[in-house]
There are 2 protein chains.
Amino acid sequence: MSRIENLALLIDLYELTMAASYFEHQMFEPATFSLFIRNYPPSRRYFISAGLADVLSYLEDLKFTPEDLKYLEETRLFKSEFLSYLEKFSFKGDVYTIPEGRLFFVNEPLLEITGSLIEAQIVETFIINTMNLQVMIATKASRCIHAAWPRKLVDFSLRRTHGADAGLKVARASFIGGFMGTSNVLAGKIYGIPISGTMAHSFITSFENEIDAFRAFAHTFPENTVLLVDTYDTLSGTRIAAEVGKEMAREGKKLKGVRLDSGDMARLSREVKDVLRKAGLGKATIFASGGFDEYKIKRVLDQGGDIDSFGVGTKMGVSADAPYFDMAYKMVQYAGRPVLKLSPGKTTLASGKQVFRFTTSRGKLKRDVIGLRDDNLKGGEPLLEKVMSQGKITARLPSLPQIQKRFLAEFSKLDEKYKSFDEQGREYPVGLSVRLKSLQAQFVRKLKSGKSEELGES
Amino acid sequence: MSRIENLALLIDLYELTMAASYFEHQMFEPATFSLFIRNYPPSRRYFISAGLADVLSYLEDLKFTPEDLKYLEETRLFKSEFLSYLEKFSFKGDVYTIPEGRLFFVNEPLLEITGSLIEAQIVETFIINTMNLQVMIATKASRCIHAAWPRKLVDFSLRRTHGADAGLKVARASFIGGFMGTSNVLAGKIYGIPISGTMAHSFITSFENEIDAFRAFAHTFPENTVLLVDTYDTLSGTRIAAEVGKEMAREGKKLKGVRLDSGDMARLSREVKDVLRKAGLGKATIFASGGFDEYKIKRVLDQGGDIDSFGVGTKMGVSADAPYFDMAYKMVQYAGRPVLKLSPGKTTLASGKQVFRFTTSRGKLKRDVIGLRDDNLKGGEPLLEKVMSQGKITARLPSLPQIQKRFLAEFSKLDEKYKSFDEQGREYPVGLSVRLKSLQAQFVRKLKSGKSEELGES
């Protein structure tokens, strides 16, 4: 089976070639790196912090096994002194982060790491890989929640997530974004997320008649009978399901609901509800699946769809309309000297930072200010918390339900205009503190005038 | 670290609830399921088989551990008889497949499994999860190869693939699609793919001057010096790199190349080449990265970009313009009786099948015919091979370089019109055999007339 035993080598080669050169030049002074998103993806105006728990456990456990070192030696790229260094390597840095479940915005540091240059550098690939996916999925999931509210959503994406790890992380991140459960059994086992699922079309077709399939399932799962009614024709399937529902009622059992998986959902759901009501099964719920995302949920509900809950699969699980975010992990300080890059469209904010959140008197989110880490902005709530010190987790990490709760509470305080699915939506106001602005301006000026040798002063 | 120890529970819950009901009703007769893609994603007209090796190793190892069973028991969904059945479960079915690296087209069965109903059903989630990703990425990678040919491409996508498993599978699948290497060190270790990488912008900014960074790297890696020149300004960076290249030449070493990562690549690459030539470094190569996919590669080359090789990252690694394929795994036969579903837009082809490929006298691909498994179509090459018998791998699986070679050879025989990036591209001709067409017609007619009880005859 495709197991991933050790993730130390899940790394871009250049992290290790840079590290080898740093090692050779004895560059071990402290560096600070900052993780942030450079631009809003199409029609998005906020992000949700997610993925931190996995990053912290990676950092705490990070080591190169003898097998890893053997492989690196075989590449003939590295000198033995450097490989001996890697043999003893562990991560001893500090981590600051915006906790999982909180909202954040473009250019805000989601996570900052301070450690000796090599350790802060080589964790880059894993950190982006992990945080980019979970932030992206939690954000996408929250849009589905917003469209469906207060209806319940279940993650059905496992078969089309990008691999096994994504299947797990999508279940986790969509739960953070407000989903109530997942079809992914392993995610249930690992994360304690409620699991959900009943039958596929193949279950129906494996019986000679639809009614035989429905009866068989009702017999095996009398407490959890949700019948899939669209295998041959949704309405005739529903009539047969109602038949079985009435049989169940005679035995003191209850048909929990039916699932629609194709066709014109708005119209069909109303007609299905009608059939169920006329059969005295008005309390049976309608569960809809099949290509749903925030856009289709909104459309079907706008058209009067009578649906109680949705299975949301592929398009959420791959964040289909924005399958990657422009997340970057950049060095902002080295050996006490702020640093940045000026590549077109990719300018970074120098130095270790803090984000301050200001709210209105009624508790609504008003604006954020990105400042230097030791800025003190009156009335602003500092968002980044220190969660790891010298390689050890120091914060008590919240449970997944606590993270979801924190997200839903803060999301309710974000103005509707930032939740729009519109391409032209307004941006939430994010400013720079006076001190950060001044440092940045001074620094860009100096870099552009080519006096890069003077850049350690401020 | 987020390790995935056992994948048996990486499954949609409904696979297990269906299985429990099959078990209760003693439905153990043989079933055949078929894996295929229902529609062409935007601007694609062919697919590449990829992912089979992972599926076979999953099937061979599949078992439920005591820990898995304990979790399933705790859900209180399942009876103890069924859990005892799972305890002894292993996959004993047969697998037919179109080998990795071969081209295939819409509706063609990429893989067919025959086994007892439960075993053929519960492997669905993993099979789609694995094959969908690798087919999608191999196909996307081949488009980049087509645009860049004969230039070399390297997979740079690890940081933005959807998780750890995707990082590995993308490296593997893009290699099948023609890439020459990857930045992903673990993929190098596991799959033997050549690894590639030198430095990031942070390497440059960690030194006070660009030239110090370049000299340091050239000192550590004199055989592998590719200098990243766009941190502050591409042309001035190139002049400094040329300086270092001349210093290296004086010591009998060679500057291997420079990397551009931002800006107007077509113009900059020509100007960079000019600077290098004038410094007597005309043999140094230009490596370009930054947002490349098939479209950007084509555009930059059409505009006269002078680039030797490309690092292709995010957009390939998530198949950004088509981040999922409409891949399905459907039951086509049960207990000797062909089955299908009629849900709108989702009709399936009944029965176990074979695909026959016809070529022209010059060896070009001409057309495919989907037939019944025991069809014998003269002059057509049968594509599906039996690779697993009663749960054991029976075929000798090719190495990754052999798979790549097979792909590139067949790809060269596919007409250019099917490789277009155009939305309106022509479809490769795929027909149905006389016997399959007749079975299908008869069957749909009977189902629609509601006489589903007569459906076991043909």
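Hi everyone. Of the 458 residues in chain A, 56% are buried. Keep in mind that what we have here is a predicted model.

Let me start with chain A as a whole. Along the principal axes, its C-alpha atoms fill a box of roughly 85 × 55 × 35 Å. Chain A is built with 19 strands and 16 helices. If you take the contacts in chain A with a separation of 6 or more, 71% are between residues 24 or more positions apart.

Now let's zoom in on one pair of helices. In chain A, helix α6 covers residues 124-148 and helix α7 covers residues 163-176; the two pack with their axes 8 Å apart, at an angle of about 50°. Because of that angle, α6(A) counts as oblique to α7(A). The crossing of α6(A) past α7(A) is right-handed.

Who is touching whom? From α6(A) we have Leu133(A), Gln134(A), Ile137(A), Ala138(A) and Ala141(A). The α7(A) side brings in Ala166(A), Lys169(A), Val170(A), Arg172(A), Ala173(A), Ser174(A) and Ile176(A). By class, the residues of this contact between α6(A) and α7(A) are eight nonpolar, two polar and two charged.

Finally, the partner chain. How many residues of chain B are in contact with chain A? There are 94 of them, and they meet 94 residues of chain A. On the chain B side, the largest share comes from helix α1(B), residues 13-24, with eight residues. That side of chain B splits into 42 nonpolar, 34 polar and 18 charged residues.

How values were computed:
Residues numbered from 1 in each chain as written. Chains lettered and ligands numbered in written order. Predicted model: local features only at pLDDT ≥ 70, side-chain atom pairs only at ≥ 80, totals over all residues. Axes fitted to C-alpha atoms, helices over the stretch in contact; angles between N-to-C directions. Helix = DSSP H or I, 4+ residues; strand = E, 2+ residues; numbered from the N terminus. Parallel < 35°, antiparallel > 145°, perpendicular 65-115°, else oblique. Left-handed = near helix turned anticlockwise from the far one by under 90°. Contact = placed C-beta atoms within 7 Å. Nonpolar A, V, L, I, M, F, W, Y, C, P; charged D, E, K, R; others polar. Buried ≥ 20, exposed ≤ 12 C-beta atoms within 10 Å, placed from the backbone.
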